[in-house]
Amino acid sequence: MHNTRVELLPIFDDNYIFVLINEDLQSAVVVDPGESAAAEDFLLKHDLTLAGILLTHHHTDHIGGVHALKTRFPCPVYAPVKNKTQIPFADHYLREGDIVTLPPFSFQVLELPGHTLGHIAYWNSEHKWLFSGDVIFGLGCGRLFEGSYEEAYHSLQRIKALPPESLIYCSHEYTQSNLQFCRSLSADNNSPLSGKAMTLEAYATELHNKRSHQLPSVPLKLGIEVTANPFLLARDVAQFRYLRELRNRY
Ligand SMILES: [Fe+2]
């Protein structure tokens with residue numbers, strides 16, 4: 001096993017840039033650099049080279065730093081093929097089932113439409129890491145800007161089918177605000193959290209332990225997330241839609 005780890009760089013109000021580090025080669029892969037300064041500073045400070053940049057979707061808070069970062073640290077940029085128009089500066093365009101190899105890391109591409117139509121996630125089966133952009137959040141899911149409820153529901157079901165020990169690297173720290181919404185659902189008979197107040201409070205205790213020590217709630221553990229995330233627990237598209245519409249108005 002190589003000597004690897006994932007570092008989280010907080011940017012803006014609640015975004016994370018992920019830096020995957022290969023200590024043996026002193027190289028890194030950066031996921032969704034919404035701005036460049038934080039990533040540049042980190043790479044310089046830790047004397048890392050940049051092997052590649054992975055992009056999940058075209059929103060500015062995920063791609064805004066690519067140009068400056070690539071200028072400073074020349075490397076290949078990977079992006080969803082369906083976002084070729086919005087991300088014309090990538091070197092490689094990816095679709096379902098493609099494999100990205102940036103030694104010692106390898107990623108399988110999953111197309112997960114909903115938040116946007118072209119949205120992809122990067123799955124590393126060796127470590128069971130999923131870099132999922134804005135598809136899923138702690139106790140929540142991404143707002144549907146482009147995709148249908150059917151697409152978003154199906155995308156979440158695909159995440160749910162990954163091994164329970166999977167670590168979900170989602171791009172925003174939204175878990176605490178989503179917890180408030182979920183508490184309101186535990187009294188709603190039409191919600192999958194109905195009667196699950198104890199499960200939710202166990203989740204809340206764990207979350208509070210992390211956040212009170214300024215630790216991120218990310219990565220999410222899928223095995224925990226499937227017990228309390230209402231969008232993963234939705235029994236069908238109709239219930240998913242009901243929850244998403246409630247969340248939009250919350
Ligand atoms: Fe987004």
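Is Arg235 buried or exposed? Arg235 counts as exposed, at 61% relative accessibility. The cut-offs: buried is under 20% relative accessible area, exposed is over 50%, partly exposed is in between, with a 1.4 Å probe and protein chains only.

Some ground rules. This is a predicted model, where local features need pLDDT of at least 70, side-chain atom pairs count only at pLDDT 80 or more, and totals for chains, interfaces and linings use all residues. Residues are numbered from 1 along each chain as its sequence is written, and side-chain values use heavy atoms, leaving out hydrogens and water.

Now the salt bridges. I mean a side-chain nitrogen of Lys or Arg within 4 Å of a carboxyl oxygen of Asp or Glu. The whole structure has ten. Arg235 pairs with Asp236, closest N and O atoms 3.8 Å apart. Asp236 is partly exposed, at 31%.

Next, Arg5 and Glu23, at 2.7 Å, N to O. Arg5 sits in strand β1 and Glu23 in the loop between β2 and β3, so the pair ties together parts 18 residues apart in sequence. Strands are DSSP runs of E, at least two residues; helices are runs of H or I, at least four; both are numbered from the N terminus. Arg5 and Glu23 also join Glu7 in a network of salt bridges.

Last, Arg244, in helix α9, residues 237–249. Arg244 is buried yet has no salt bridge. The nearest side chain of opposite charge, Glu245, is 9.1 Å away; Lys and Arg count as positive, Asp and Glu as negative, with His and the chain ends not counted. What lies 2.9 Å from a polar atom of the Arg244 side chain? The backbone oxygen of Cys141.

Conventions
Polar contact = N/O pair within 3.5 Å; in protein donor to acceptor, adjacent residues only side chain to side chain.
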